[in-house]
Amino acid sequence: MLLGEYEHTVDAKNRVTLPARFRAAFAQGVFLARGVDRCVALYTPESWERHIAGRLEGMDQMSRQTRDMRRLIYAGAMDAQLDRQGRIVLSPALIQHAGLGHEVVVAGLLDHAEIWDRAAWKARIEEVQNNAELVAEHLAESD
């Protein structure tokens with residue numbers, strides 16, 4: 001289970017150290033992809049298969065939206081292994097997509113994690129907090 005938010009940095013070799021609490025989850029590898037919300041999404045092999053590959057494979061390939069989603073996710077995706085220090089290397093394309101600077105936040109979202117530029121993360125969380133009550137009510141109504 002991936003929970004919490006942790007401040008880290010991107011080093012000169014485009015490496016990010018994952019939080020120690022996340023390393024066991026990614027011991028078998030990590031899939032990195034463009035996140036829909038302008039971040040880098042990190043998946044375990046199991047969560048990648050269940051939530052990304054499994055869902056996209058079942059969609060109609062004739063649909064433009066499906067093709068566009070596949071382009072967004074798969075074309076920028078890569079698989080990696082953590083090094084001995086618990087670091088992963090981010091591709092220049094993923095860094096550009098997420099607008100990552102030197103300071104980042106690694107956030108756990110239960111079944112996957114995200115890497116955000118620290119300033120973008122703070123702005124996004126502030127926006128979420130400002131709308132949390134309305135979102136909660138909307139979700140309660142949809143039950």
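Q: Axes are lines fitted to C-alpha atoms, for helices over the stretch in contact, and angles run from 0 to 180 degrees between N-to-C directions. At what angle do helix 2 and helix 3 pack?

A: In this predicted model, local features need pLDDT of at least 70, side-chain atom pairs count only at pLDDT 80 or more, and totals for chains, interfaces and linings use all residues. Residues are numbered from 1 along each chain as its sequence is written, and side-chain values use heavy atoms, with hydrogens and water left out. Helix 2, residues 45-57, packs against helix 3, residues 64-74, at an angle of about 145°. Their axes are 10 Å apart. Helices (H or I, at least four residues) and strands (E, at least two) are DSSP runs, numbered from the N terminus.

Q: Which residues of helix 2 and helix 3 meet?

A: From helix 2 come W48, I52, A53, L56 and E57. They meet T66, M69, R70, I73 and Y74 of helix 3. Contact here means heavy atoms within 4.5 Å.

Q: And how do the residues of that contact divide?

A: Seven are nonpolar, one is polar and two are charged. Ala, Val, Leu, Ile, Met, Phe, Trp, Tyr, Cys and Pro count as nonpolar, Asp, Glu, Lys and Arg as charged, and the others, Gly among them, as polar.

Q: Changing topic: where does F26 lie?

A: F26 is located in the loop that runs between helix 1 (20-23) and strand 3.

Q: Is F26 buried or exposed?

A: F26 is buried, and its relative accessible area is 1%. Buried means under 20%, exposed over 50%, and partly exposed in between (1.4 Å probe, protein chains only).

Q: What is F26 in contact with?

A: If neighbours within four places in sequence are left aside, F26 is in contact with L2, L18, L42, Y43, T44, L82 and A113.

Q: What about R38: what is its phi?

A: The phi of R38 is positive, at about 60°, although R38 is not a glycine.

Q: Where is R38 found, then?

A: R38 belongs to the loop between strand 3 (30-34) and strand 4 (40-43). R38 is exposed, with a relative accessible area of 53%.

Q: And what is the phi of L110?

A: L110 has a positive phi of about 75°, and L110 is not a glycine. The residue is placed in strand 7, which covers residues 103-110.
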